[in-house]
Amino acid sequence: MTTGLRYVYAVCRPFDAALQSQLTGVAGVPPKLLSHHGLIAVLSEVPECDFAEEPLRAHLEDLDWLSATARAHQGVIDALTTVTTPLPLRLGTVFRDDSGVRTMIEAREDGFRRTLDRLEGRVEWGVKVYLDAGTAVPEKPSAKAVSGREYLRQRRMRTRSRDEMWQNAETFAQGLHEALSGRAEDFRLHAPQDSALSGAAGRNVMNAAYLVPRGESEEFVELVDGTKDAKDDTPGLRVELTGPWAPYSFTGESGESGGEGPA
Amino acid sequence: MTFPSGGRVPEPYGQSSGANLADILERVLDKGLVIAGDIRINLLDIELLTIKLRLIVASVDKAKEMGIDWWETDPALSSRAHRDELARENAELRAHLAELERGRGQEDPSLERGRVSEEPS
């Protein structure tokens, strides 16, 4: 067995409830808690042969390894979210030993406390809007022998209805975002996802994250569900809700918030 | 804290239900707190990430700058969509033109023959 490194998932405040006993983290290692200065670092002892700089860099190029590790990381964060409000760290935050983790906590404890206070009891909901342009505008093959003028006319009409769909999608997304941000404490508008990676049908036109108090989540989810009726008159639109997530998108210090409103 | 003690924890809507791999990667690789550990890895140096995950990782700062109107100005969404559209339309028009010309090409010889046959009489 090689020496262990410390893979840190999250920092949080001490909590009473026990983590799921079956929980395994990255590299199949159960997470443990390191308490220091009234804060908890949640970490796994991981083998150096996989998580030292060289092997880690190589592993990150391997989409299978990366996916498994990302899921394991998220699994631990998820488990923590059910018992406390964790401050999730980015994948691949690795220290040599416990004392390295303690030093890091000491250096950043004020910032941790501020952020943990701000996020306490909040969860993140992800809302995406997709436009499935392919099914909504059937590209009916025009009659074989049309004149050039007729052909261009048909093309223009198809283009116009596609433009209209985009416009409708944008209007819908904007309205949805206004309604949801009114119910959220904060929000982030993320870059749309590449459908080649997500495998989702249609084009991702909105990819937003909302910070919502856990106690108000039910109303928030109902609000999102309610939009399913509103979008009936806009064909090809789909709203997707994910969560509750740990507040991944809101870990930055409040100063750098993008959620204060449109810049 | 409003969580019930005793270990049994509420999972109100099913944890991260509906989340696909892209959702998970987006959050664990691109969101979350950045802390320099002892093992220094710059995620943006990873070739796979910059290629396969470019859209979710690399364009985030830009999307932030753009605020709420990002989808109108994001080249990945609008201008490229329009450019692609123009290129496709162009190709279609060319094909259609070629088709028309082929049709005309078949008519021409008969026209000429007709004219030729007219002359001797």
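Start with helix α4 of chain A, whose buried residues are Val101(A), Met104(A), Ile105(A), Phe112(A), Thr115(A) and Leu119(A). "Buried" here means that 20 or more other C-beta atoms lie within 10 Å of the residue's own; with 12 or fewer it is exposed, in between it is partly exposed, and the C-beta atoms are placed from the backbone. As for "helix", helices (H or I, at least four residues) and strands (E, at least two) are DSSP runs, numbered from the N terminus.

Before going on, a word on what you're looking at. This is a predicted model, where local features need pLDDT of at least 70 and side-chain atom pairs count only at pLDDT 80 or more, while totals for chains, interfaces and linings use all residues. Residues are numbered from 1 along each chain as its sequence is written, and chains are lettered from A and ligands numbered from 1 in the order in which they are written.

Back to α4(A). What do its buried residues pack against? They pack against β1, β2, β3, β4, β5 (94-95) and β6 (122-131) of chain A. For packing, two residues are in contact if their C-beta atoms, placed from the backbone, lie within 7 Å. From Glu106(A) to Arg122(A) is 16 residues in sequence and 25 Å in space, C-alpha to C-alpha.

Now look along the helix. α4(A) has 22 residues, yet its end C-alpha atoms are only 26 Å apart, short of the 32 Å that a straight helix would reach at 1.5 Å a residue. (That expected span is 1.5 Å times one less than the number of residues.) Where does α4(A) bend? Find Arg108(A), where the bend is about 70°, taken as the angle between axes fitted to the seven residues ending there and the seven starting there. Just after the helix, Gly121(A) takes a positive phi of about 75°.

Time to zoom out. Chain A is divided into domain 1 (4-119) and domain 2 (122-256), with bounds that come from an automatic or database domain assignment. Across the boundary, 11 residues of domain 1 are in contact with 10 residues of domain 2. On the domain 1 side, α3 (63-81), β4 (87-88) and α4 (98-119) each supply at least two residues, and the largest share, 4 residues, comes from α4(A). By class, that side has 6 nonpolar, 4 polar and 1 charged residues. Here Ala, Val, Leu, Ile, Met, Phe, Trp, Tyr, Cys and Pro count as nonpolar, Asp, Glu, Lys and Arg as charged, and the others, Gly among them, as polar.

In total, chain A has 8 helices and 9 strands, and buried residues make up 39% of its 263 residues.

Ala27(A) has a phi near 60°, a positive value in a residue other than glycine, and sits in the loop between β1 (4-12) and β2 (32-36). His37(A) is not a glycine either, but has a positive phi of about 50°; its place is the loop between β2 and β3 (39-47). Last stop: the peptide bond from Gly243(A) to Pro244(A) is cis, with omega near 0°, and Pro244(A) is found in strand β9 (residues 237-245).

Key: Expected span 1.5 Å × (residues − 1).
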